[in-house]
Amino acid sequence: MSALLVWLVIGLVAVVTVLLERRYRHPAAGAPLGPGWTRTGERFVDPETGLLTEVWFERASGERRYVAVADQP
């Protein structure tokens, strides 16, 4: 019984990890965001990648996306 519980916990952790990774991953540099997206003017260096990143906002959904700047200094 305890082995089954261990495998269930491992499976649950795997599913949660995949779902969170899809939601929070950073798009590729210069990724097209489509109509309705605007730059917020916020820029920062992403501590994970070391790339200059800018913030985009979609007013209808309230979603924010972080996009690496294509022309890095």
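Trainee: Is R65 buried, partly exposed or exposed?
Mentor: R65 counts as partly exposed, at 30% relative accessibility. Buried means under 20% relative accessible area, exposed over 50%, partly exposed in between (1.4 Å probe, protein chains only). This is a predicted model: local features need pLDDT of at least 70, side-chain atom pairs count only at pLDDT 80 or more, and totals for chains, interfaces and linings use all residues. Residues are numbered from 1 along each chain as its sequence is written, and side-chain values use heavy atoms, with hydrogens and water left out.

Trainee: Which residue forms a salt bridge with R65?
Mentor: E63, with the closest N and O atoms 3.0 Å apart. A salt bridge is a side-chain nitrogen of Lys or Arg within 4 Å of a carboxyl oxygen of Asp or Glu.

Trainee: How many salt bridges does the structure hold?
Mentor: It holds 4. One of them joins R64 and E42, at 3.2 Å between the closest N and O atoms. R64 lies in strand β3 (residues 63-68) and E42 in strand β1 (residues 37-45), so the pair ties together parts 22 residues apart in sequence. Strands (E, at least two residues) are DSSP runs, numbered from the N terminus.

Trainee: Switching to E54. Buried or exposed?
Mentor: E54 is buried, with a relative accessible area of 9%. Its place is in strand β2 (residues 52-58).

Trainee: Which residues are linked with E54 in a network of salt bridges?
Mentor: R39 and R43. The E54 bridge to R43 has its closest N and O atoms 3.3 Å apart. That pair links strand β2 to strand β1, 11 residues apart.

Key. Helix = DSSP H or I, 4+ residues; strand = E, 2+ residues; numbered from the N terminus.
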